[in-house]
Every structure is written in C-alpha cells, then in structure tokens.
Amino acid sequence: KSLSKRAGLTRLICYNDTDSNVRITTPVPQLTEVTFCLWMRSTSTNDGTMVSYAVPNNHNEMILLDSKNIRFLINAVSRTTNVDAVNDGVCHYICFTWTSVTGRWQIFVDGVLVDSGTVSKGTPIQGGGVLVLGQDQDVVGGGFDPFQAFVGKMTNFNLWNRVLTNQEIIENLDNGNIYSWDISNLLMQGTETIRNEDICTGAVTCDPHFTTLDGRHYSHQGVCWYTLVKDS
Ligand SMILES: [Ca+2]
Ligand SMILES: [Ca+2]
C-alpha cells in the first residue's frame, strides 16, 4: 500500500445492521472546497452510504455511497466512479476532494488517485446542514432507508475546507480543520456501537458471530457459555 501509515488503534464505529446511523454535531460552514477522508471496512452489498450532508433545501448536498461501486453527489448532481469494489472485507482509506472553483473532484483509495472529473463548478456546498456517517438523509437529519445503510466498520473521518495535496493524502492525516475524528462530537442514533480497535485487524464484521476452532459458526445476543465435551 502506498499510505505512509495505517489507521492503527482508534475508536471506531461498528455499524452492526441497517438501523445504524451517526450524526456529527460539529457545525459545517459553507465550503467552496472540501476534502474528507475515512477508513472503512465492509462486506455489505447494499447501497451503504458512508457520508451524507443535507441542508434544508437539498438533502443530497454532498454524499458518498456504495462500497460495490463508489458514487457521490455534489449539489445533488451524481457521478459514478470507476473505483474497484471496496466491500471486499479489507480495510480501505477513502479520500474525496472537490473544489467549486473549477469543479474538479478526485477520489483516492489507499492513497492512490483512482478517478477524477468535474462537477458543479461555481456552486459551493452550503453551510449549516447536518452531516451523517453511515446513512443517507432524505430530510435533514432523517429520512433513512435501510437499503442505504452502511454496514461494517468506519473510523477516522476527517473534513477539511480545502483540497489536500496527493502527498497529504498519502500521509493519512487526522487534522481535519472542520471536523477531526472525535467520538465526543458524534450523536449515536441507532444500533451502532463504539469499539477500541484497529480497523485493519480483527473480525471483518461487527456482528456477534464467530467461528469455533473446529469451524462451526455461532451467533448470539447477550450471554452465552460453552461446555467442553471430550471426543469419544
Ligand atoms: Ca435516501
Ligand atoms: Ca438523500
């Protein structure tokens, strides 16, 4: 990988099922330029929305969705990228940049510029909206559709009011000047949970499922116990 460092141990969000969504309580100003980066890990095949930003007159002001084939919207104008599927169960560092000055957008995966183009030149992102991680808003702060829920793990979301350089993206910065990752500025509104974990190691899913040494699969909610039985 071309990144200069991995995510490491962080407070990450486990999106356990399609009833998960997380609101960022830090205010968002008008943005004539923007970069956001996040670490994600998923095997979901729905239209899971990683980031949605809604303002009163436009619930699709800025959106990044669909780990199978990443799409985004800026000012409600959508583009489909040629990024390979990232719902492969491996951790990925996704960065999106856009400037209203030229309309140029870029998407980076694991530090590599994968696709770029132009969209919505001359129209800044409006301030004062609501930023949600893990769901698409169809009204400000709500209107969630289970099929657009992100299911998996996410951490280290950072938001800047400028276009980061390729070198800065490789450096996996955590100094977003509009929002830098801090779970105390998150409103947990669904079934998601917080874990202290390295997103790139450990189990792929957040589900309380596991496999025993002999390869049998179990699921459980709440308390469970085992009785060891000697082979006959
Ligand atoms: Ca929707
Ligand atoms: Ca929407």
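Q: Which strand does Asn158 lie in?
A: Asn158 lies in strand E12, residues 152–160. A strand (E) is a DSSP run of at least two residues, a helix (H or I) one of at least four, and both are numbered from the N terminus. This is a predicted model; local features need pLDDT of at least 70, side-chain atom pairs count only at pLDDT 80 or more, and totals for chains, interfaces and linings use all residues. Residues are numbered from 1 along each chain as its sequence is written, while chains are lettered from A and ligands numbered from 1 in the order in which they are written.

Q: Why is Asn158 called buried?
A: Asn158 has 20 other C-beta atoms within 10 Å. A residue is buried at 20 or more such atoms, exposed at 12 or fewer, and partly exposed in between, with C-beta atoms placed from the backbone. The count reaches the cut-off, so Asn158 is buried.

Q: What is Asn158 in contact with, leaving aside its neighbours within four places in sequence?
A: Its partners are Phe36, Cys37, Leu173, Asp174, Gly176, Tyr179, Ser180 and Trp181. Contact means C-beta atoms, placed from the backbone, within 7 Å.

Q: How far apart are Asn158 and Asn172 in space?
A: The distance is 9.9 Å, C-alpha to C-alpha. In sequence, Asn158 and Asn172 are 14 residues apart.

Q: In what order do the strands form the open sheet with E12 in it?
A: The seven strands run E10-E9-E8-E3-E12-E1-E14, and the pairing is antiparallel. Two strands pair if DSSP finds at least two bridges between them.

Q: What makes E10 and E14 edge strands?
A: E10 (112–118) and E14 (193–198) each pair on one side only.

Q: How do you know that E3 and E8 pair?
A: Eight bridges join E3 (residues 33–41) to E8 (residues 92–99), and the two run antiparallel. The definition asks for at least two bridges, so E3 and E8 pair. Met40 has His92 in E8 as its bridge partner.

Q: How many bridges does E8 have with E9?
A: There are five, in the antiparallel sense, with E9 covering residues 104–109. Ile94 has Val109 in E9 as its bridge partner. Four residues lie between the strands of this hairpin, where Gly103 takes a positive phi near 80°.

Q: What makes the largest nonpolar core a core?
A: A nonpolar core is a set of buried Ala, Val, Leu, Ile, Met, Phe, Trp, Tyr and Cys residues joined through C-beta atoms within 7 Å. The largest has 58 residues, and Leu38, Met50, Leu133 and Met154 have the most contacts inside it. E3 gives the most to this core, with six residues.

Q: What stands out in the phi of Asp66?
A: Phi is about 75°, a positive value, and Asp66 is not a glycine. Most residues other than glycine have a negative phi. Asp66 lies in the loop between E5 and E6 (71–74). With 24 other C-beta atoms within 10 Å, Asp66 is buried.

Q: Why is Ser120 called partly exposed?
A: Ser120 has 18 other C-beta atoms within 10 Å. Ser120 is in the loop between E10 and E11 (130–133). Its phi is positive, near 50°.

Terms used: Contact = placed C-beta atoms within 7 Å.
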